Amino acid sequence: MADASADGYPEETRRFLAAFKQRHSLDEVEADLAALERLRVLVVGEAIIDEYSYCAPLGKSPKEGIVSTRHVRGEMQAGGALACANHVAGFCRDVHLVTGLGGEDSRKAFVRERLKANVTPRFFVRPGAPTIVKRRYLWESSLVRVFEVDFLDDTPWPAALEHEMLRHLRETVPAYDVVIVADYGHGFLGQRAATLLAERARFLAVNTQANAANLGFHVVTKYPRASYVCIDEPEIRLATRDRWGAVGDLADKVRGLLGGAAISVTRGPLGVLTCGADGTRWEVPVFSRAVVDRMGAGDAYLSVTAPCVASGMAMDVVGLVGSAVAALAVGIVGNRSAVELVALTRFVRSLLA
Ligand SMILES: Nc1ncnc2c1ncn2[C@@H]1O[C@H](COP(=O)(O)OP(=O)(O)OP(=O)(O)O)[C@@H](O)[C@H]1O
Ligand SMILES: [Mg+2]
């Protein structure tokens, strides 16, 4: 768990927090967070099972040039859109999840068991494909990743199933205050779904996750419009095909391309840049002290900040809340547990004390 007295932070962070307190009070931020409860949220995206296989090194194999490892223990987590839905469910009462599973090794019972009680899922099941599993091998002592094997079929979904999913989205999307798309680019959401969501959602928040399977082929401009874009720095560079430009300029470019959207560009240890429809940019530093595991921090940031932006929170408050969420998330191994309102409120209180 992140320790959060502002005193131990670097000068830049303390300066940011001092200036923030001149603009906003703790009561205002707490009231903003409490008001998220009434929002009805739809989360759309691929279900991913994150498997952690913890290993210990043995020694060099006598026959091959590899280091053999001993399996210590395994862990299975509900990741991808499942993790996003669980994060949102800690802040908003009514969460609907539209997600894709495979017919082979579907792990539906595990998925159901891991979803919070206030998440109502609708599963679309692709026959002949596995539910997406990302199996990471890590050194147990350091959590350093050694190797990853993904089980997935990332070709576009069969037309009949896609049609059924589009019909469900067409019928349900208008009922939700916020639609959060966690698009991992593994084939569940094609161009037709992206266009439909852009046309129908009252408030559309989008993350197009870059990963090893889709690198360079999956960028946020797949969505013709979005109310809020939340991507990391490599993702915005890929989307704008700009390696060296200033991040703020790229944020403006993407906002322009997606219809004046608000944006968060998360930058790992460099924090986040947020910008709203009025063009004011904020650079928010990280509040993380100890990083246990970075995986899933971006998803946690997206899941909590999307309702915040939809409810009209100022973009510097969004950046502060998101960075506080991320600081809690980097203290959690992968998606072992969700970020909760009580923990977040306690953390924000200590930041603004
Ligand atoms: N190394 C780090 N040190 C401190 N904070 C970090 C670090 N990495 C991430 N964070 C926090 O998490 C937030 C989101 O991280 P990042 O920009 O890496 O997202 P991401 O690439 O989308 O992650 P993922 O997709 O793996 O969930 C950052 O803005 C920051 O607050
Ligand atoms: Mg991400």
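In the predicted model, helix α5 (residues 159–172) packs with helix α6 (residues 191–200) at an angle of about 5°, and their axes lie 10 Å apart. Angles under 35 degrees count as roughly parallel, and α5 is therefore roughly parallel to α6. On the α5 side the contact is made by E162, M165, L166, L169 and R170, and on the α6 side by R192, A193, L196, L197 and R200. By class, this contact of α5 with α6 holds 6 nonpolar and 4 charged residues, with no polar ones.

Helix α8 spans residues 247–257, and within this helix L250, A251 and V254 are buried. An α-helix has 3.6 residues a turn, so residues three or four places apart point the same way. Viewed down the axis of α8, the buried residues fall within an arc of 105°, so they line one face of the helix. The other side of α8 carries D249 and G256, which are exposed. After α8 comes G259, with a positive phi near 85°.

Backbone geometry was also examined in two loops. Most residues other than glycine have a negative phi. D105, although not a glycine, has a positive phi of about 50°. D105 is placed in the loop between β3 (94–104) and α4 (108–114). With 12 other C-beta atoms within 10 Å, D105 is exposed. L143 is likewise not a glycine and has a positive phi, of about 65°. The loop that holds L143 runs between β5 (132–139) and β6 (145–151). L143 is partly exposed, with 16 other C-beta atoms within 10 Å.

The surroundings of the ligand were then considered. Ligand 1 is surrounded by 21 residues, of which D232, T266, A297, G298 and A326 are the closest. By class, the shell around ligand 1 consists of 9 nonpolar, 8 polar and 4 charged residues.

Notes:
Residues numbered from 1 in each chain as written. Chains lettered and ligands numbered in written order. Predicted model: local features only at pLDDT ≥ 70, side-chain atom pairs only at ≥ 80, totals over all residues. Near = placed C-beta within 6 Å. Nonpolar A, V, L, I, M, F, W, Y, C, P; charged D, E, K, R; others polar. Axes fitted to C-alpha atoms, helices over the stretch in contact; angles between N-to-C directions. Helix = DSSP H or I, 4+ residues; strand = E, 2+ residues; numbered from the N terminus. Parallel < 35°, antiparallel > 145°, perpendicular 65-115°, else oblique. Contact = placed C-beta atoms within 7 Å. Buried ≥ 20, exposed ≤ 12 C-beta atoms within 10 Å, placed from the backbone. Arc of directions from axis to C-beta.
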